[in-house]
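Please read it alongside the sequence and the coordinates.

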Amino acid sequence: MRYGLPRSTSPSPERRCRRRTSTFGLPSDTESDFEEPRTDSDSELSSPSSLSSDSFCYESESQVPPPAPRPKREPRSPAEQRHAEDTVAAIRLRTRYHDPYEEWEKQTRKDAFHTARRAQVQTRLETQRRRTQRNTQELQSLAAMHTAQLAEVQKQLATLQVRQQVEVNKLVSSWQEQDKTFRGRIEGVIRVEEEKLRAKLEAERKTREEAERKRKEEEERRKVEEEVKRKEEEQAQRQREAEAAAKHQEEEKERLRRDKLDAEEQGRAQLGMSLAEEDWVHARETLKNLKAGPMKTVKGNKLLKSQWSAIRRQITPKIGQLTHDIDSVTRITQQLIDTICPSERLPPDIYFAALSSLAKAILLQAETEVTAEKRSAIPLAMVAARLLGTLEGFPDIFFAKLVQRSGGWPVPSVIPSTDSDGTAWNELERTKAMGYRTNDGQRETLSDHIMRVSGMMRVYFLILAAPVPQPLDKMFQLPRFWTFFARMIGDERLLETAVAAQVLHAALDVGGMEAKFIWGNQWVKMLELLYEGATTGIGGVAGKLVGGQTPEGKAARVRVQLQIERIMDATSLR
């Protein structure tokens, strides 16, 4: 519906109202798109006097008929009048919108001008420094030349003095040689007699000192033995008392801890949850049982080993033939299922050994291909997800191999000080348990380790978000994505490593956007904590940033920050 508004009188028929637009291309508050009725000035412009050019067919101006009167528009109702006023007010409000982009552009220009000013000052200072340095070098060169000339003069004078001194020395030495000869003969006889007397007195003194030293050493040794024995008895007594007190205190703490863990375990069991340490222990025990059971049996039997090797040789090329094509994914998945589960069922040991080889092939492909091209993780994750939902026992083995090759990051968890069975690590075992590869006793570099782990974890996160026809094992369901971030943010030891920053970036890149739509404001709060750790500090502590202070950690921290900003910007637009 359109409304006509009265127009202002115009003194000139050629006057045109220039249209002004706001930054959004909307008309200003002086414009109106409503149909306007004709005013008296418009009637005058269309009167016979202004249309004299149309009177060529009449004998005089008086014969020109007057224009037909235009029908009058009915007056607007109060509702229409209010609607027109609200529309004009809304248009004015829109045209006065404050554009943040223009403010940002002004600020950018101002910052650029300040940067140029600082660069100019630095250039002037650098020019002045070079000029001062050049003058200093010239003065030093001149001083060095003067020093060399002075040294040359002094050298000539010294040469003359040496010649003179040589002549004097020849005369003095000739006289001294004669005097020395006479004195030497006399002093030689005296020295021989003195040496004989000194040797005799020295021998007597050493004999007395040796006897005295042995007596004192014997007394000191007896005192030391008695003191040591007394201290050992006192130390043993104190140690027995301390051990008894510590044992009682430790037993009390252990009892309280067991009670607390039992209560927590009952609560987690009711909710179907587990601790990070329990997940790591489960994966570690699965790996150890796999190595001590089926793998040891297969490798110790030549017939079984040859059959297992044949299956393994079929698995590796198929994984390498994956492409970003759904037909390829379906075909290779079915081929792998047919290889692991043929019509004639494999023996259990070979079956589990084949599952181990399949998991290793997928992870090796993730280490090499995903590091070079992130998109190659998608078909690999699709194949892995379908296999996890089809092959019996494959989820536990795949997760155990993932923990073996990447450390505690899939859980995530810090590697404990002892193995899952309580035995202490040696240096090589702990290094392998942390996911590091070794070559001739040398551990891989941090950058290589970060790229390997991030490639495998990217595949793991894609498996969590992959669409599957039926639910997978709990370790490969989407809620693990939330669990991963909750455990990571809750452990400062993990956040301060460079690997954590890179793995967090891979997780946000894969599922950060989808998590925002699943968990809503709770996910936003999680991202706020992570963003604070990447900018201000973990827990608000300045200097304690995500990724640590290594070059790799700093670069990964910046990527995490940018990824969080990208997620928030994208979700706010939607």
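## Helix packing and salt bridges

Helix H14 (residues 498-519) packs with helix H15 (residues 521-535) at an angle of about 150°, their axes lying 8 Å apart. H14 is therefore roughly antiparallel to H15, a term for angles over 145 degrees, where axes are lines fitted to C-alpha atoms over the stretch in contact and angles run from 0 to 180 degrees between N-to-C directions. On the H14 side the contact (heavy atoms within 4.5 Å) involves Leu504, Leu508, Gly512, Ala515, Lys516 and Trp519, and on the H15 side Asn521, Gln522, Trp523, Val524, Leu527 and Leu530.

The model is predicted, with local features requiring pLDDT of at least 70 and side-chain atom pairs counting only at pLDDT 80 or more, whereas totals for chains, interfaces and linings use all residues. Residues are numbered from 1 along each chain as its sequence is written, and side-chain values use heavy atoms, with hydrogens and water left out.

The protein chain holds 16 helices and two strands, which are DSSP runs (H or I of at least four residues for helices, E of at least two for strands) numbered from the N terminus. Of its 574 residues, 29% are buried, meaning under 20% relative accessible area with a 1.4 Å probe and protein chains only, while exposed is over 50% and partly exposed lies in between. In helix H12 (residues 479-489), the buried residues are Arg480, Phe481, Phe484, Phe485, Arg487, Met488 and Ile489, and their cover includes helix H4 (276-300), helix H9 (394-406), helix H11 (446-465), helix H13 (492-495), H14 and H15.

The whole structure contains 30 salt bridges, each a side-chain nitrogen of Lys or Arg within 4 Å of a carboxyl oxygen of Asp or Glu. Three of them are tabulated here.

| Pair | N to O distance |
|---|---|
| Arg198 and Glu195 | 2.8 Å |
| Arg222 and Glu218 | 3.7 Å |
| Lys374 and Asp509 | 3.3 Å |

Lys374 counts as partly exposed because its relative accessibility is 45%, and Asp509 counts as partly exposed at 29%.

Arg198 and Glu195, by contrast, both lie in helix H3, three residues apart, about one turn of the helix. Arg222 and Glu218 are also both in helix H3, four residues apart, and they belong to a network of salt bridges that links Glu218, Arg221, Arg222 and Glu225.

Note on methods
Parallel < 35°, antiparallel > 145°, perpendicular 65-115°, else oblique.
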